[in-house]
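The following note sets out points on the two-chain structure shown below. Please read each point with the structure at hand.

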Amino acid sequence: MMKSVEFVELLERQGFNFFAGVPDSILKGVVSCLLERRENYYLSAVREDDALGMACGAYMAGRKPAVLMQNSGLGTSLNALTSLYLIYKTPCLLIISWRGHGGVDAPEHLVMGEVCTKILETIDIPYRVFSSERAEEDIQWAAETMSGQKLPVALMIKKGILV
Amino acid sequence: MKRQEAIETVLRLLTNELVIHCNGMVSREAFNTLDRPENFYMIGSMGLTASLALGVALARPDRKVMAFDGDGGVLMNLGTLAEVGSIKPKNLFHLCFDNGVYGSTGNQPTLARTVDLDQMARSAGYRIVERVNEKTALEKAVKTLREKDGPVFLLIKVVPEEKYETAGRVTLSPEEIRDRFMAAVGRQA
C-alpha cells in the first residue's frame, strides 16, 4: 500500500508531465492529487481512447504523457492503441486499474478482469502488475521501456494498492 | 464546392500552423494537394482528430493548431466537442469538412445530414462557430478566424464526390509522418 501522492511524485520524478484519463475508484486518490496540482495538468477525457489521442498529441509536442483508466477502458482503447500508437510508435504510460482481478468484483468487471492482461500480451504492450514495495523500480521500468521501445507500456493497479 | 477544393483553399492560406488531418480522404487529399511538414496524417484511429489536436494545442500554447476533421469523424467522438468547449484552448481551430457521407468506404450517408454539427459545437462551448459552403466565404472565414481566440469550429459544407473516391494513399510511413511533424512542432513559432 502506498499513498497516491507518493505515486504521483514518483511519476513526476520520471518526467511525466501530461496526464489524461477517465477515473476509477481504484485510482481516485491519484486523480484527486493530479487535479489539485494545477489547471489542465490532468485532463478529464470523455473516453479512454480520447485520452490516448490527447496524450499522443502532447507527446509529439514535447510532453511525457500518462493515461489513467479502468481496465474496461482498455476495450475502448484498442483501436487507438493498434491504429495510432503501435503504428506511429509513440510512447505513453498506461495506468490501468485492474477491476475484476481474481474473479472478485461486480459482474460487469469479471470478463475484462480475466482477459485484460491477455489483451495486452496479444497486442505486444509490455506491462507489469504494480507493486508498492518496488514502486520506484516499476515506474522507472515503465518510463525506460516506453521511451526506449517507443511503445505504450502499462502498469496494472490492483485494488487497495494506492490509497 | 468539393472537399478537395476546400482543403486546398485552406492549406494555401496557412503559414506555420500545425494541422492534424483525419483518416480517410481528408489525409489523402491534403497529402496529394499540399504536403508540408506541419501536416500530421492520422491514417487510422478514426474519431481522434480533435483529441490529437487538443493534446498538441495544450502542450504548445504558442502555436496555432488545426484539426481537419470530417463529419463522420466528429460524429464518432462527439464528446470531444464538450472537452474542447470546456477547456477552451485559444489556439485550437477545428475545421469540419462535412460532405454528409463516409467517402472512403462508398458514400454511405452520415447522420450529419440531419444533425447540425455547428449547433453541437456551439452548445459544447466553442468560442466561435461558423458555417460556410462556398470558396470565397471559406477564404474569408479562415483569414479572419485564425486571428481570433479559439476554440473555433468552422463547418465547411462540401458536396460529396459522385463516384467512389480514389485519391492516392499517404505514401509516407507512420514513423516518417511522426518524425517530420515533431520536428515541425519543435520549430519556433
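1. Helices (H or I, at least four residues) and strands (E, at least two) are taken as DSSP runs, numbered from the N terminus. The model is predicted: local features need pLDDT of at least 70, side-chain atom pairs count only at pLDDT 80 or more, and totals for chains, interfaces and linings use all residues. Residues are numbered from 1 along each chain as its sequence is written, while chains are lettered from A and ligands numbered from 1 in the order in which they are written.

2. In chain A, six strands form an open sheet with parallel pairing, in the order 2-1-3-4-6-5; two strands pair if DSSP finds at least two bridges between them. Strand 2 (42-44) and strand 5 (127-129) of chain A are the edge strands, each pairing on one side only. From one strand to the next, the twist averages 20 degrees.

3. Within this sheet, strand 3 (residues 65-70) and strand 4 (residues 92-97) of chain A run parallel and are joined by five bridges. L68(A) stands opposite I95(A) in strand 4 of chain A. Helix 4 (residues 72-88) of chain A lies across strand 3, strand 4 and strand 6 (152-157) of chain A, and runs at about 145 degrees to strand 3 of chain A. Axes are lines fitted to C-alpha atoms, for helices over the stretch in contact, and angles run from 0 to 180 degrees between N-to-C directions.

4. Chain B has eight helices and eight strands. Its radius of gyration (over C-alpha atoms) is 15 Å, close to the 16 Å that the globule rule gives for 189 residues, so chain B is as compact as a globular protein of that length. The rule is 2.2 Å times the number of residues to the power 0.38.

5. The contact between the chains takes 25 residues from chain A and 24 residues from chain B, two residues being in contact if their C-beta atoms, placed from the backbone, lie within 7 Å. On the side of chain B that touches chain A, helix 3 gives the most, with eight residues.

6. The axes of helix 3 (residues 48-60) of chain A and helix 3 (residues 49-59) of chain B come within 6 Å and cross at roughly 45 degrees. The two helices are therefore oblique to each other; angles under 35 degrees count as roughly parallel, over 145 as roughly antiparallel, 65 to 115 as roughly perpendicular and the rest as oblique.
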